[in-house]
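New notebook page, new structure. I want to look up a few spots and jot down what turns up.

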Amino acid sequence: MPTGILLLGNAGVGKTFLLNGLYGGSPFRSAASHAAVTTKLEHVKHQTENWLLMNLPGLVDSNPRRTAQNRSEIERAFQMTPMCIVGFVIGVQGGRIRAEDLATFESLNNAFSFLPSEHASFLFIVNNVPSFRPPEYDQQIIHFLQGRFSANIQVAVIANTPSNFAAQKELQNNLTAIFKAKTARIVRKKAEIQIERDRLLAAQMAAEEAEAARKREHQRLEAKRAEEQRRADAERERAAQRVQRVDIHHNHDSDDDCVIS
């Protein structure tokens, strides 16, 4: 029986993209559109490894009925492949880990106990981080998650979507190495998935407000820089005009001297 590769996480964090990258093709639909959001459990056998790749919907949806359906699909995936390796995918917003992703993980961890009993079969994947980032960025993300959940948990940091064949192949090789190094174990549901909607929605709202505040600050700084640039340009223009008036006055005096002589 193949080992299940299950990627959990909220909608839009890139689970489908990562599974396609691990597969080395596009067996799952992945695109930046509402229509491409995964709503049903999908699975495909890996091309070379004895893995069954499980493409799962995100847990929380604005529609309560859809949320209940998502919960059932997640539970069904663990029933299909109890022997599995689990990755929880986290998104970043403004370079920061999203609070709603942490809240979703805690809801799922309370139901399936990924931590702290076993680390070899579980990892965090922080996806779509900026390609150009400070050297210490990855370690800060890793230390934050390890400090919050477990010092021994593995955290993989994946940069923005590769745009060429070489980068996609590198992503496939990296993901394959990550999952081959893990040890599958049987994961069964130990409690019902309790969706703390108020908490999750509050976390999402807080994240959206933080992003809006970041954008407002960015706009304020841009406006300030533009105003400073405008003033500097105006001062340079005034200085140039003063120099021009001095030159004209100097030339006029020189012409007067020539007439007198």
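Leaving aside its neighbours within four places in sequence, which residues is Thr176 in contact with? I looked this up before anything else. Contact here means heavy atoms within 4.5 Å, and the residues are Leu22 and Trp51.

Before going on, a note on the source: this is a predicted model, where local features need pLDDT of at least 70, side-chain atom pairs count only at pLDDT 80 or more, and totals for chains, interfaces and linings use all residues. Residues are numbered from 1 along each chain as its sequence is written, and side-chain values use heavy atoms, with hydrogens and water left out.

Entry: Thr176. I found Thr176 in helix H5, residues 165-180. (Helices are DSSP runs of H or I with at least four residues, strands are runs of E with at least two, and both are numbered from the N terminus.) Thr176 has a relative accessible area of 15%, so I put it down as buried. The cut-offs are under 20% for buried, over 50% for exposed and partly exposed in between, using a 1.4 Å probe and protein chains only. I also noted that a polar atom of the Thr176 side chain lies 2.8 Å from the backbone oxygen of Gln172.

Entry: helix H1. Leu22, one of the Thr176 contacts, took me to H1, where Leu22 is buried along with others, including Phe17 and Tyr23. Nine of the nine residues of H1 (15-23) are buried, so the rest of the structure largely encloses this helix. Gly24 follows H1 and has a positive phi, near 85°.

Next I checked the partners of S3. Two strands pair if DSSP finds at least two bridges between them. S1 (residues 3-8) pairs with S3 in the parallel sense over five bridges, and Leu7 has Asn55 as its bridge partner. A hairpin of five residues joins S2 to S3.

Entry: positive phi without glycine. Ser113 has a positive phi of about 55°, and I located Ser113 in the loop between H3 (99-112) and S7 (122-129). Asn128 has one of about 65° and is found in S7. Asn128 is partly exposed, at 38% relative accessible area.

Technical notes:
A polar contact is a pair of N or O atoms within 3.5 Å; within protein, one must be able to donate a hydrogen and the other to accept it, and residues adjacent in sequence count only if both atoms are side-chain atoms.
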